[in-house]
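Subject: Structure handover

Hello,

Here is the structure we spoke about, for your files. My notes on it follow below.

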Amino acid sequence: MIKIAVLGYGTIGSGVVEVLEKNKESITKRAGDEISVKYVLDLRDFENDPIQKKIVHDYNIIAEDEEIAVVVEAMGGVEPAYTFVKRALLAGKSVATSNKALVAKHGAELIDIAREKSINFMFEASVGGGIPIIRPLNSSLTADEIEEITGILNGTTNYMLTKMSNEGSDYADVLKEAQAKGYAEADPTADVEGHDACRKIAILTSLVCGRQVDFEEIHTEGISKITATDIKYAKQMGRAIKLLATSRKTENGYAAMVAPRMITAEHPLYNVNGVFNAIFVHGNVLGDAMFYGSGAGKLPTASAVIADIIDIVKHLHKNILVAWSSKKLELSDYEKSSCRFFVRTAKSEEEVKKIFTDAEIIRVPGIDDETGFLTQEMSEYDYKEAAERLGEIRQMIRA
């Protein structure tokens with residue numbers, strides 16, 4: 001019997017305990033041994049829950065118990081999760097986590113410790129919730145050189161943009177609805193400003209290139225400035241607005257960005273709606289592939305965590321190689337990348353054409369007090385320079 005401890009009995013932690021019990025027989029068969037939860041660490045008590053008999057409030061009990069072979073970190077945030085996880089690894093206990101903030105900031109260091117101790121630090125659920133993407137990148141696609149990863153990596157923002165598109169609603173109204181339904185936090189900043197997606201694309205880029213990518217260095221924009229008017233223009237062009245996290249190999253190195261984009265119906269992510277997530281991968285051998293599913297939620301995320309636990313149990317005292325070193329990767333300057341830009345301005349069509357000579361003017365019935373247009377492909381740097389000369393920019397969304 002393999003005894004484990006779960007840190008945190010919130011949404012994910014309780015989901016892990018629930019699924020381990022619900023699918024006990026099949027999990028035992030796949031792991032080759034029975035997995036039993038010995039402790040659950042939480043500050044709270046759960047008097048009417050059978051889990052109460054396993055609740056502990058002192059992490060030292062877990063850290064010092066030699067029977068515990070695997071620790072599941074489901075607390076979230078960087079501290080005290082980092083301190084607890086590092087201590088577990090140094091004590092020879094493998095760790096499975098769903099914590100993208102922890103993995104993005106300390107992933108390389110924790111992987112190194114696990115390697116030295118011949119144990120494992122696994123984090124499938126940290127990106128895409130229940131969607132398998134870490135394991136495919138680390139094992140199934142190792143023959144490929146991954147040239148691009150582009151994903152809808154946040155269910156909250158995708159739900160909000162879908163509602164705005166379907167109902168023509170304003171951002172503020174959709175945010176209130178998302179909060180009422182539990183899709184958005186009381187403080188939604190991490191989701192709506194793109195920080196959550198940024199950490200996830202940093203993790204994926206680190207895995208692909210094998211070096212540490214600092215998420216603070218990734219240019220990140222959220223959806224808080226997207227309006228119902230922008231949605232009208234997108235529909236007029238047959239496009240959809242999605243918050244995309246992108247990492248692409250260029251001649252100048254890897255370029256990464258998180259920002260809203262207007263994508264055409266031909267784009268593989270066009271029809272990914274609601275709270276669903278999807279990750280598009282292009283390899284130089286594989287070509288195109290897409291991973292789609294529930295990007296968050298109690299049971300989907302628990303499913304990914306338990307897949308890691310099973311992998312750990314099948315490889316006790318044997319490290320599964322993860323090619324992610326602590327050597328830092330210098331990202332390419334995002335301003336050197338090129339795309340088309342959708343722009344709304346108070347200036348006239350004639351004034352637009354003087355600066356953006358090849359601009360495609362977009363006309364939407366009922367919108368007469370501004371000019372909407374699509375530029376031809378140009379670099380971020382050249383766009384900024386031209387936009388400054390034009391002035392009175394009301395909106396810019398990459399296309």
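β16 and β20 pair in the antiparallel sense, over five bridges. Within that pairing, the bridge partner of R344 in β20 is Q395. β16 also runs antiparallel to β18, and four bridges join these two strands. There R344 stands opposite G372 of β18. Please keep in mind throughout that this is a predicted model.

Strand β16 covers residues 341-345 and is mostly covered, with five of its five residues buried. F341, V343 and T345 point one way from the strand, while F342 and R344 point the other way. In β16 the residues pointing either way are all buried, R344 included.

Aromatic pairs

The count of aromatic ring pairs comes to 10. One of them is F276 with Y292: the ring centres are 5.2 Å apart and the planes stand at 10 degrees, so this pair is stacked. Planes under 30 degrees apart count as stacked. F276 belongs to strand β12 (residues 276-283) and Y292 to strand β13 (residues 287-294), so the pair ties together parts that are 16 residues apart in sequence.

Another pair is F356 with F373. Their ring centres are 5.1 Å apart and the planes are at 50 degrees, so the pair is tilted. This pair links distant parts of the chain, 17 residues apart: F356 is in the loop between α13 (349-355) and β17 (360-362), and F373 is in strand β18 (residues 371-374). F356 is buried, at a relative accessible area of 5%, and F373 is buried as well, at 0%. Ring pairs link F341, F356, F373 and Y383 into a cluster. F341 is one of the buried residues of β16, and F373 sits in β18, a strand that pairs with β16.

The parallel sheet

An open sheet of six strands has the order β3-β2-β1-β4-β5-β6, with parallel pairing. β3 (55-56) and β6 stand at the edges with a single partner strand each, so one side of each has no neighbour in the sheet. Inside this sheet, β1 (residues 2-7) and β2 (residues 35-41) pair in the parallel sense over six bridges.

Helix α4 lies across β1, β2, β4, β5 (94-97) and β6, and runs at about 150 degrees to β5.

Helix α12

α12 (residues 298-314) has 17 residues. From its first C-alpha to its last it reaches 24 Å, close to the 24 Å expected at 1.5 Å a residue. Its buried residues are T301, A302, A304, V305, I306, D308, I309, I310, D311, I312 and V313. Note that D308 and D311 are among the buried residues.

A cis peptide bond joins E79 and P80, with omega at about 5 degrees. P80 is placed in the loop between β4 (68-73) and α4 (81-90).

Two residues have a positive phi although neither is a glycine: S118 at about 55 degrees and E392 at about 50 degrees. S118 lies in the loop between α5 (100-116) and β6 (121-122), and counts as partly exposed at 35% relative accessibility. E392 lies in the loop between α14 (380-390) and β20 (393-398).

Cysteines

How many disulfides does a search of the whole structure find? The search finds zero. A disulfide would need two cysteine sulfur atoms within 2.5 Å. The cysteine sulfur closest to that of C198 is in C209, 14 Å away, which is too far for a bond. For C339 the closest cysteine sulfur is in C198, at 18 Å, again too far for a bond. C198 counts as buried at 4% relative accessibility, and C339 is buried with a relative accessible area of 7%.

Regards

Definitions and conventions. Residues numbered from 1 in each chain as written. Predicted model: local features only at pLDDT ≥ 70, side-chain atom pairs only at ≥ 80, totals over all residues. Heavy atoms only, no water. Buried < 20%, exposed > 50% of the residue type's maximum accessible area, 1.4 Å probe, protein only. Pairing = 2+ DSSP bridges. Contact = heavy atoms within 4.5 Å. Axes fitted to C-alpha atoms, helices over the stretch in contact; angles between N-to-C directions. Phe/Tyr/Trp six-rings, centres within 6.5 Å; stacked < 30°, edge-to-face > 60°. Expected span 1.5 Å × (residues − 1).
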